[in-house]
Amino acid sequence: MFKQFFANMEFTALPIFALWLFIGLFVVAAVRVFVFKTRGDFEAQAAMPLTDGTALSEREVKP
Amino acid sequence: MTTRIERVSYDDAIVRKFMFASILFGAVGLLVGLVIACQLAWPALNFGIPYTTFSRLRPLHTNAVIFAFVGNMMFAGVYYSTQRLLKVRMAHDGLSALHFWGWQLIIVAAAITLPLGITTSKEYAELEWPIDIAIAVIWVVFAINFFWTLAKRNEKHLYVAIWFYIATIVTVAVLHIVNSFALPLSPLKSYSAFAGVQDALVQWWYGHNAVAFFLTTPILGIMYYFLPKAAERPVYSYRLSIVHFWALVFMYIWAGPHHLLYTALPDWAQSIGMLFSLMLWAPSWGGMLNGLLTLRGAWNKVREEPVLKFFVAGVTFYGMATFEGPLLSIKSVSALGHYTDWIIGHVHGGALGWNGLMAAGLFYWLAPRLWDRPLHSKKAADAHFWLATIGIVLYMVSMWISGVNQGLMWRAQNPDGTLVYPSFVETLIAIRPMYIVRAIGGTLYLTGFVVMIWNLLKTAVGAKPINTTVDVTVTEDTAEEKAIGVGDVIAGRPLWFSVAAIAITCLFFYVDSTIAAVGLAIAVLVVGEVAYLLNKRMRAAGGASWFGIIERRPMAFTVLTLVAILIGGVAEILPIVLVKQAVPATGSAQKPYTALEQQGRDVYTREGCYVCHSQMIRPMVAEYLRYGEASRAEEFIYDHPFQWGSKRTGPDLHRIGGKYPSLWHYTHLMDPRSTSPGSNMPSYGWLQEGTIDAKLAPKKLALMQKLGVPYTNADIDGAEDSQRKQAATIVADLAKNNVTVAWNSEMVALIAYLQRLGRDQGIALTDDAPKTAAVTGGEN
């Protein structure tokens, strides 16, 4: 099938086909990321750098 | 679910050590870079000394910046953020120390060996085999310490930064080990196990992915941790970071062949390299936008906070470099830009802009926290920022102009089909002003770096270094969570749906009817839909997503990452290495180098001639007119290692053999400007005094025989005598012009090699040498 696919396609159409294929996948990925997001799914993970603990003072550390 | 409070004391001393080393070696790397930039504008600065010659210092510069400056900076960022993200101290202080001191020892070894000419000649992998082994050992130490820490962690979730660190550790190990396959001749000399096309592909698979997985992925991890910290905002889209990570690690590994466009590499591999490079635009910019959009609502802080200034500019330069890289990978653009300074401008946009500015942002953020004292001067940090930014702009713009200018001059043709600029030196003289502007840009950048050193020293000196102690909340796994095992990862529906979709897509290539093809397309859609519906039902029932399962399992995550990076590497490299047809042989026309030529080749690699001269004529009219017939894959089958080069500061040398008499080469090597006025090549006068080790010739040929080069035992036994005989013809030829050199001088060996280049057969070097160029005023 792929032989027919390529044989029946104009040479200049190949990069256009590849471009549309890429754009299609890109749009699908972008829609998946930005539209179908479930709120709260990753909020805790996203905040991890901000919740890695507050440094204790020397007085607090010393027994 | 149960929780407990645990007190953790982080190892910040190791962070301070790596930070100090990065700054120290960064200054050295930048200084050497400035010196070699000046050498290109004013060749007298080579001083006629082997150890300070451009071709030996350039690898020192690249290694110092990549592995010493960025490497140490990366380790500082990794050690700091990993402990905090995993809420645990590094697993073993001894391993951390071993990692630090081992890495510094490797850097010192590089700093000693590279100026001495001890090199494999493979770009960014020049270090010889004992150092390569040391790198592998120290990298394993780092990996053990890192994965051990993962095993001991108090935080179940692995934040996105940790994924990037995992990808870095795994991939760099694979790249380094494969690209370093070599047979040792002596403790300080080895030959690549691969030859010609295979060696080129493996090298640029490594070279490109050294940029990807040493200069990019760990810094992205650092970006994902430190940018939200500095902005006091969570990352813009965590979901985007997931797509960013997997798309980047999967695609990056395929892009290596874009360094070999229009070379003798099979066309399919070149096209794949170009295609994946273009696709890389998407994840790269996804990451960049994720970084910049993290600052939404906090852009006012950028005006006040130097750390954010550096991070924002660094991420922006990342965006610029990752736009330019795919652009340069388009074959028609590469035809113009490859071998020119455009590439140099591109890589420095990445190195100075992305890596350098991110490093500065990191250090300005770390110093006050590691020494518990505010940054000494924000004004000085601002001054550093502007000096660095203006320096980078001057550097990049001058190199863009230089590269495009030279690329156009190389290809310019008169109406009658001849070259407008037949002399290579003409094109070099035209870009000299740009070399001076580049040196000015580099000076500004280095000045800014010195300001940073002063500022950080003023912050740290007299302050008390601290090791942060925190109380962290540790959440214990529930019984259900504990029950999730490797089986759940393997049995994950997304995994099987993906495999099914890929399998159905592959079937498309084997069916030959339209109905069947449409049926397969529908099958893919059905599989996707079913996957979506099942996932929706499972999530509604409160089940964990498959990704939610693997992102808590470092081993599963590491294995999947390894699979993602291996697919591209295996798909590209195995066919080229294993399939004989990849390199068509032309039978008896291919003769291995003679013993003397091999000795000369070793001098060529030692001096780093490949740094400025390519040995790869591309199939283009202008290249044919300037250099001769296009290079073919079969011409390099005995080249261990390949010497195709990546930059033409001087002309291509693949068909230099026989173009000039030996006297021209002698004169040119002794004083390049006497034969080529305007050339910026250093003189290599020491080659006349230096001697080859004639007794090593049989050993070298025997080693090559082991690598598959068809030397007979008679060739090996007679190697010593044969080199003397061949050298005698060159010595006699030079003597006719009153030049006296010893038969075993490095000069004679190098001339023998140069005269052989581009010829299928070994040549007699006396009477039949074409007199196509005068000794002085050579054309190229």
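B:Tyr364 is buried in this predicted model, with a relative accessible area of 2%, and B:Phe310 is likewise buried, at 0%. The rings of these two residues have their centres 5.3 Å apart, and because their planes stand at 35 degrees, the pair is classed as tilted. B:Phe310 belongs to helix α12 (residues 306–329) of chain B, whereas B:Tyr364 belongs to helix α14 (residues 341–370) of chain B, so the contact ties together parts of the chain that are 54 residues apart in sequence.

Over all chains, the structure holds 49 aromatic pairs. Among them is the edge-to-face pair of B:Phe75 and B:Trp103, whose centres are 5.2 Å apart and whose planes make an angle of 85 degrees. This pair, too, links distant parts of the chain, with B:Phe75 in helix α2 (residues 54–86) of chain B and B:Trp103 in helix α3 (residues 93–113) of chain B, 28 residues apart. B:Phe75 counts as buried because its relative accessibility is 0%, under the 20% limit, and B:Trp103 counts as buried at 3%.

The two pairs are set out below.

| Pair | Centre to centre | Angle between planes | Class |
|---|---|---|---|
| B:Phe75 and B:Trp103 | 5.2 Å | 85 degrees | edge-to-face |
| B:Phe310 and B:Tyr364 | 5.3 Å | 35 degrees | tilted |

Aromatic rings also meet charged side chains in chain B. The charged end of B:Lys331 sits over the ring of B:Tyr262, at 5.3 Å from the ring's centre, while B:Arg438 lies over the face of B:Tyr435, 5.0 Å from the ring centre.

Definitions and conventions. Residues are numbered from 1 along each chain as its sequence is written. Chains are lettered from A and ligands numbered from 1 in the order in which they are written. This is a predicted model: local features need pLDDT of at least 70, side-chain atom pairs count only at pLDDT 80 or more; totals for chains, interfaces and linings use all residues. Side-chain values use heavy atoms; hydrogens and water are left out. Rings of Phe, Tyr and Trp (its six-membered ring) pair if their centres lie within 6.5 Å; planes under 30 degrees apart count as stacked, over 60 as edge-to-face and the rest as tilted. Helices (H or I, at least four residues) and strands (E, at least two) are DSSP runs, numbered from the N terminus. Buried means under 20% relative accessible area, exposed over 50%, partly exposed in between (1.4 Å probe, protein chains only). A charge sits over a ring if NZ of Lys or CZ of Arg is within 6 Å of the ring centre and within 35 degrees of the ring normal.
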